[in-house]
Amino acid sequence: MRFLKLLFVVLLVLVPLSVFGAQGDVMKKAKTIDELAKMYDSGSCKDCHAEIYTEWSKSLHARSIFGPAEVGRTAATIKTTIENGLKDWPSSGVKDPKDVGIKHLMICAKCHLPQLIEAEDSVAQEIVKNLYAFKEPEDQAAQNLQKLNIGCTVCHQRNAIVHKWKFGNPDKGAVYGSKDGEHASPDFPKMKKSPYMKEAILCGQCHGQGPNFDLDEPTQCATLYGSYNFAYRPEGGTENCQECHMKKSKLGHNMQSYRAMGPMAVDMKVEAMAYQWRDVVTTTPAASVQVDLFNKAGHAIPDG
Amino acid sequence: MTAKTKDGKVFFKDQRIYMPIPLQFGIGDKMGRGPYEKSGILRDTSLPPLRTVTEKFYIPVYNESMKEGKLARDIIANDFTVEVELWYLPYGKKEDEGNSQLWQKVTKNLSIEKGGK
């Protein structure tokens, strides 16, 4: 009887912690890359939003832990993080790539794959194996890494609400956009308006402000939103991320960064003249050049 | 920025680097390299938004020597070209494949008069 009482108490404590999340939702953690990819698969969105899907598929969001298709720069940097960072830090708990778990990868994945927190360490290990196996963009390892991405439901569902005490947690059955209504999808039958969808802060959740102090080991990647708030806005700037990276660029959901946006973001004006300067006995041929660079973007160029 | 003679010989070269210089672990005086060790900004030379950054270059168009005990400055070329290029170079070297990207390029042809005193 005493044993049964104890078992009952243990179950009372363990069941809510392991099965239910903070909001009472059943939390099933992914055990493989494929399971995690399926949980955040954008494939079903394509049927009705084909043009947007095509745009998105060209973006870096579509290969957020791999990076540019030709070189896989992001994957290489995550591997470097393991080699030069995690393995080198005495208190990281990582002596070998086999020791890398979700908590370790989250120092990158906080932004590159925020849904990774909904996966078990087996997924972290699978990612690490592919990071080390990847040599060429055509490799199976590269393809595996590109299964994971910042897809539709990351921005339009998971991260659609920033202030969760004010507006509540994202409704699991809804996709968030610019209006309320029905949504013809069995997984997401509702469409809800997010107050953030057209605001810079939606992007600012990842395109950051500086060190990520919420992490035990703060990292710093993008600093765009910090620059937007503390440099662009004080200069009188009024536009936001979406206006330049989606509308003015005409790229829509193929949101691009420096390689596509840089040439349109910076004006360069050059004035040059040649002349001869003279003193009593020496003539000096010379030229002077003045270069004016004007950054029209909503943040410093580059950031980091 | 480069100055070249008509036959392509570079006789002047200079560059400016625009970037936030991150601080390694937010302490000391070393630049942090990867995102895993960057925390804070040590110095910032990036192009600030909605501002104009002006650079001025002086190009000596001469070779200097001493002739009969006097300083002489012999002109390199009367006609030459100045090229100003703005490159995006996120990492590595400009020559690395798939890395750097040319954003802007302006070419100016300049002349220095011949003759006279």
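This is a predicted model: local features need pLDDT of at least 70, side-chain atom pairs count only at pLDDT 80 or more; totals for chains, interfaces and linings use all residues.

Reader: How do you know how chain B compares with a compact globule?

Author: Take the radius of gyration over C-alpha atoms; the globule rule is 2.2 Å times the number of residues to the power 0.38. For 117 residues a compact globule would come near 13 Å, but chain B has 20 Å. The C-alpha atoms of chain B fill a box of roughly 60 × 35 × 30 Å along the principal axes.

Reader: What share of chain B counts as buried?

Author: A residue is buried if 20 or more other C-beta atoms lie within 10 Å of its own, exposed if 12 or fewer, and partly exposed in between, with C-beta atoms placed from the backbone. In chain B, 21% of the 117 residues count as buried.

Reader: How do you know which residues of chain B touch chain A?

Author: Two residues are in contact if their C-beta atoms, placed from the backbone, lie within 7 Å. By that test 48 residues of chain B are in contact with 55 residues of chain A. Strand 5 of chain B gives the largest share of that side, nine residues. By class, the side has 29 nonpolar, eleven polar and eight charged residues. Here Ala, Val, Leu, Ile, Met, Phe, Trp, Tyr, Cys and Pro count as nonpolar, Asp, Glu, Lys and Arg as charged, and the others, Gly among them, as polar.

Reader: What makes strand 5 of chain A and strand 5 of chain B a pair?

Author: Two strands pair if DSSP finds at least two bridges between them. Nine bridges join these two strands, which run antiparallel. One of the bridges links Val291(A) with Glu55(B). Another has Phe294(A) and Thr52(B) as partners. The open sheet of three strands has the order 4(A)-5(A)-5(B). Its edge strands are strand 4 of chain A and strand 5 of chain B, each pairing on one side only.

Reader: Why are strand 1 and strand 2 of chain A said to stand at the edges?

Author: Their sheet in chain A is open, with three strands in the order 1-3-2 and mixed pairing. Strand 1 (174–177) and strand 2 (181–182) each have a single partner strand, so one side of each is left without a neighbour in the sheet. Strand 2 and strand 3 of chain A pair antiparallel over two bridges. In one of them, Gly181(A) has Met191(A) as its partner.

Reader: What makes a nonpolar core, and which residues touch the most other members of the largest one?

Author: A nonpolar core is a set of buried Ala, Val, Leu, Ile, Met, Phe, Trp, Tyr and Cys residues joined through C-beta atoms within 7 Å. The largest has 44 residues, and Ala287(A), Val289(A), Val61(B) and Val82(B) touch the most other members. Helix 12 of chain A supplies the largest share, five residues. A second, separate core of 30 residues includes Tyr40(A) and Leu148(A).

Methods: Residues are numbered from 1 along each chain as its sequence is written. Chains are lettered from A and ligands numbered from 1 in the order in which they are written. Helices (H or I, at least four residues) and strands (E, at least two) are DSSP runs, numbered from the N terminus.
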